[in-house]
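Here is a short briefing for a reader meeting this structure for the first time. Please keep the sequence and the model side by side while reading.

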Amino acid sequence: MTLVLLVGGVVFVGPIVIGLGHLARFPFGMALFNSLVIAGSFTALSTVSAALAGFAFARNRVWWKNILFLFVLSTLMVPWVVTMIPQFALFYRLHLINTPWPWVLWGIQGTPLQIFLFRQFYASFPRELEDAAALDGSGRLRIFWDIFVPNSKPVIAIASLWAFILVWGDFLTQDLFFLLDRNGTLLTRITDLLAFGGGALSSLPLALYALPPVIFFVVVQRYIAQTVLTTTGIKG
């Protein structure tokens with residue numbers, strides 16, 4: 001039976017009244033903080049790790065690098081649901097559930113798609129840039145930091161934006177690995193609000209949930225159209 005209340009000429013239907021109570025107890029601050037921590041840490045670490053791996057695959061002159069690169073790409077064929085439960089059991093035994101550490105560890109290893117993007121981007125750099133820096137006495141890391149990173153804004157923007165959206169919108173992983181946390185993440189708390197009849201009151205949390213990806217895109221979108229040719233001034 002639906003409860004209808006008339007207060008000051010405004011009609012409140014039962015589910016909305018229930019939603020008001022949940023909205024009042026909505027842990028927006030901590031939920032947003034948790035979401036930003038896991039998405040931000042994963043984005044930063046995975047982008048750095050993938051950039052280093054992509055640089056190694058693209059510029060190292062060893063015969064086995066292509067074999068290893070194909071092995072990395074082959075992991076794209078493994079569905080996440082196949083490894084999700086074993087990883088949950090491992091993190092649970094290590095007491096890392098309800099902490100940002102799973103996303104930190106996932107970020108350190110990078111993602112195959114990001115590695116692929118960086119590898120293809122760095123493979124297009126002229127060999128003369130690297131050889132000239134090597135003649136000046138620069139080591140591999142110095143070459144990477146001084147030449148490749150400053151000219152990598154387009155691929156860094158794309159890879160970081162993809163990583164952020166990947167974590168920000170991943171409800172299943174957030175719900176599983178923050179299952180016992182009383183604050184959870186913004187996405188899981190909004191889902192709870194909807195489940196308890198707060199659909200009519202969830203417009204503000206949903207709008208705030210969509211705001212960080214939009215801000216991220218606005219910040220990096222100007223770099224996406226750039227290429228190594230325009231940033232280095234080298235003509236083909």
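Predicted model: local features only at pLDDT ≥ 70, side-chain atom pairs only at ≥ 80, totals over all residues.

Lys65 touches Ala56, Phe57, Ala58, Arg59 and Asn60, leaving aside residues up to four places away in sequence. Lys65 itself sits in helix 3.

- Lys65 is buried, yet it has no salt bridge.
- Which side chain of opposite charge is nearest to Lys65? That side chain is Glu130, and it is 8.8 Å away.
- A polar atom of the Lys65 side chain does lie 3.4 Å from the backbone oxygen of Phe57.
- Phe57 is also among the residues that Lys65 touches.

**Salt bridges around Glu130**
- The whole structure holds five salt bridges.
- One of them pairs Arg59 with Glu130, with the closest N and O atoms 2.9 Å apart.
- Arg59 belongs to helix 2 (residues 28–59) and Glu130 to helix 7 (residues 127–135), so this pair ties together parts that are 71 residues apart in sequence.
- Arg59 and Glu130 are both buried.
- Glu130 also forms a salt bridge with Arg127, where the closest N and O atoms are 3.1 Å apart.
- How far apart are Arg127 and Glu130 along helix 7? They are three residues apart in helix 7, which means a separation of about one helical turn.
- Glu130 has a relative accessibility of 3% and counts as buried.
- Through shared partners, salt bridges join Arg59, Arg127, Glu130 and Arg140 into one network.

**A salt bridge between Arg61 and Asp131**
- The side chains of Arg61 and Asp131 form a salt bridge, at 3.5 Å from N to O.
- Arg61 lies in the loop between helix 2 and helix 3 (65–74), while Asp131 lies in helix 7, so the pair ties together parts that are 70 residues apart in sequence.
- Arg61 is exposed, with 62% relative accessible area.
- Asp131 is partly exposed, with a relative accessibility of 35%.

**A nonpolar patch on the surface**
- Which residues form the nonpolar patch on the surface? They are Val62, Trp63, Trp64, Ile67, Leu68 and Phe71.
- Together these residues have about 690 Å² of accessible area.
- Ile67, one of the patch members, lies in helix 3.
- Ile67 is exposed because its relative accessibility is 55% and the cut-off for exposed is over 50%.

**The chain as a whole**
- The protein chain has 13 helices and two strands.
- It has 236 residues, of which 36% count as buried.
- Among contacts in the protein chain with a separation of 6 or more, 74% are between residues 24 or more positions apart.
- The accessible surface of the protein chain comes to about 13500 Å².
- Carbon and sulfur atoms account for 72% of that surface.

Methods:
Residues numbered from 1 in each chain as written. Heavy atoms only, no water. Salt bridge = Lys/Arg side-chain N within 4 Å of Asp/Glu carboxyl O. Helix = DSSP H or I, 4+ residues; strand = E, 2+ residues; numbered from the N terminus. Buried < 20%, exposed > 50% of the residue type's maximum accessible area, 1.4 Å probe, protein only. Patch = residues over 30% accessible without salt bridge, like charges linked within 9 Å, V, L, I, M, F, W, Y side chains within 5 Å. Areas by Shrake-Rupley, 256 points an atom, 1.4 Å probe, with all protein chains shown as cover. Lys, Arg positive; Asp, Glu negative; His and termini not counted. Polar contact = N/O pair within 3.5 Å; in protein donor to acceptor, adjacent residues only side chain to side chain. Contact = heavy atoms within 4.5 Å.
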